[in-house]
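Student: I'd like to learn how to read a few backbone features. Could you walk me through them?

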Amino acid sequence: MITRQLIEQIEGEASVYFDIKEKKVNFATVTFPHFRGMESILEGKNALDSLVISPRVCGICGHAHLMATVRALEDAYKNAGCEIILSEKAEKIREFTLIMEMIQNHFKWLYIVIIPELAKLTNSILEKKPLKGAYAASLAAKAIAIFGGQWPHSSYMIPGGVTCDPTQIDILQAQNHIDELISFFERESLGIALDKFLSFESCKDFNKEIQSDITLLEESLIVADMNHKGLAYDRFIVMGEHDFTHVAKLKQTRAFGVDSKYVSTVEAYSPQENTYAYNALYKDEYYETGPLARMMSISLPIIKNMHRRYKDSAYSRVMARVFEIGYMLNYAKELLQNIDILQESVVNVADIKKISASGLGIVEAPRGPLLHNIEIKQGIIQNYKIITPTQFNIGSSTIEKPTSVQIAMKGTTKEDALFIFRTFDVCSVCTTH
Amino acid sequence: MNDYSFNVKKELAMADRIEGVKKLFTSKSARVETNKGDAYYDKLFQTCQARVEELKTQQPINNRLDIEDVLEAHGIERRDFLKWASAVTGMLMLPASFTPLVADAALLMNRAPVIWLELQDCAGNSEALLRSDGPKIDEIVLDIISLEFHETLQAASGHQAEKQLEDAMEHFKDKYLLFVEGSIPMEMDGQYGTIGASAETFYDHLMRVSKHAAAIVAVGSCATFGGVPAASPNPTGAVGVMDVIKGKPIINIPACPANPANMVGVIIHYILTGQVPELDSLLRPKFAFGYRIHDNCERRAHFDAGEYVEEWGDEGAKNNFCLYKVGCKGPMTFNNCSIVRYNEGVNWPIGVGRGCIGCSEPDFWDKYAYERPMADANIKAPTGGVEKTVDEFGLGLLTAAGIGIGIHAVASALAGKKEDGGEV
């Protein structure tokens, strides 16, 4: 019998249709029932309007959309023979705000989704503390606002750089938010210093002697046997060019090069209900994207150890994301220290009306690679296509060729499957846009 | 016509234009009555006091957090709380004597039945409030409300959530405030958006839940005017709440995202008075949308001095000059972000040299967006403003600003010549 389960708390809504056999998930399909038509809205508009419209695809990762758009526009400039060389300062500020968006996302996911859901599943001592997530996320958003003006839905990146021209005081303020965020993470989540956490090399290092949100989370994941559940294809992909990760396709631990031309999409399979989603594939295969993929591609000892023990289980997926919070906080702090405010914020670029070309912008959004493909004729958008990370992770395909999430849920109980579904960090509004 | 009379005429015309601009830009644009006289406020005070006393006798709504406990848990002292209350009092344009009442109203927040619906959107408004764009206490107040009733965030899901919603609707029949986030897709019989265990269309869902609401608060540009989903060619036939609901009090809090401070303002006002705040012709509360971005803009002095950013990254940009020529829509946009700002007052778009995109005005996505200076933006008159006076003012505005820029453009051209060593 097929049963429908409504999924909320995911930026919009989704339904999972379970085919249960002997109390285990035999197969499941996913439906995303919302649609806005962002791509067709962009078509026919001034290419620079995309800087205002694209971020509004998503309320939680709109900044990543802004950066994908601006990269697509800059790529179009390049393809039209007007290559834009950004100042290091502009690059770093963009990177900083992107990372802070990632951090706010992970905090929210951890405290508002994962801990409460895991507590339900294990009846454990895990305590629900959603306000913690909200507070940490607000600090990260404030750091973004210093450079971006507001969060969500900022438009401060433009072809050629960024519009802000921060002073030393702005940088100090941002540093202050980062310091507060780090000490909050140490005090409220880790129970130990960030440096010590980042020096972990084995899952055993999640010290059971001290008790913190993170050690309890780790323990509860083991109690729920999530270290043996939720395994997908053990294939990962990272596509956005950034200094904090490597672009790569990984099959188990073996890394290969990536070319965006091999990315394709197909309509999602949803026999029970109308869906507006597409599945994203690479060379016709399904991959997992996001923090685990990013952390795998830079071969961090702790993540390698985790993967050796528990492969791409729900445990690894969750803990890699928690680890990424610490890793990115540390990275963002260094990034800020190296911004040279005397450099130009923005370089001159040609009038958009002179640009007729197509361009591709790829960034690592909180959930993985986000691709924006733009085609411009004399400054007007002819065609716009968006491929989002959730389309990679939470595709819905047939039983013969299941997607990452479908494989991960197979063979578990429905309750476990619902938790595993959330370990991918679903974004419904992005998926259908 | 000889040269002399031509020149005189030209000078006169210029003087007229300068006068016109001066008049418009020094005219009191915020036609919000902020002092209604002692008799009015005394009466209002008594009404509010009676209401607060009555609310105190009621039980808090099940499972709702107690704000005093939460404030304590967050280490917020009574003194800071009162400071916040006095700021809210000011925002609501009430005399300072109302501060203790506002503080009481905030503490009674858990008596206010609020139901939150999320329709066709990006979840940005709930993100904005969850991630707390308001001062810290706004955040807590909104967390208390949103975490309990928010469709995206509530702990229950599926049938359980539906049941909770039914119970709340029944128990608080005709008393609850309904917050709506997101637009309503009308094409294809509403099938572009369905919700809940029974896959009801957004339209049906909204109609059902709004039927017994005391008032509806449309939050964000999508719920108010259709927002980005309604941008040309409006693929899903997206419309705002006021396009489909008639005969109910509706309060619009546009902007993308809406500022949480304004959401809190509306809730406190409701608790305090039991009424909707004074609205403009687009149903926006005047306390928040009674003036333009331009009126209180930190870069306003540069507009008046004719100092503009001519292109991104130029000397003007480095000196925080006015962004009008690179497309800022502040002179056309009614909202309080120049005062309240975003993310706990940290910053706002103009603060980072980006310019206002007019996100609290209808059709901003098609008409106001981007680098087009206002005069080229194909904006007809704004469809609204603060009541009639400001509506009329708004009508004249485009032309006025067009003239303004003309004059300033001449001035900056002349200045440029001087710098080049040319004769003026």
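Tutor: Happy to! Let's begin with Arg341(B), which is found in the loop between helix 16 (337-340) and helix 17 (364-368) of chain B. Helices (H or I, at least four residues) and strands (E, at least two) are DSSP runs, numbered from the N terminus. This is a predicted model: local features need pLDDT of at least 70, side-chain atom pairs count only at pLDDT 80 or more, and totals for chains, interfaces and linings use all residues. Residues are numbered from 1 along each chain as its sequence is written, while chains are lettered from A and ligands numbered from 1 in the order in which they are written.

Student: What is the phi of Arg341(B)?

Tutor: Arg341(B) has a positive phi of about 60 degrees, although it is not a glycine.

Student: Is Arg341(B) buried or exposed?

Tutor: A residue is buried if 20 or more other C-beta atoms lie within 10 Å of its own, exposed if 12 or fewer, and partly exposed in between, with C-beta atoms placed from the backbone. Arg341(B) is buried because 22 other C-beta atoms lie within 10 Å.

Student: Where is Ala255(B) found?

Tutor: Ala255(B) sits in the loop between strand 8 and helix 12 (260-273) of chain B. Phi of Ala255(B) is near 110 degrees, a positive value in a residue other than glycine. Ala255(B) is buried, with 28 other C-beta atoms within 10 Å.

Student: Which residues does a cis peptide bond join in chain B?

Tutor: Ser232(B) and Pro233(B), with omega about 5 degrees. Pro233(B) belongs to the loop between helix 10 (220-225) and strand 7 (238-239) of chain B.
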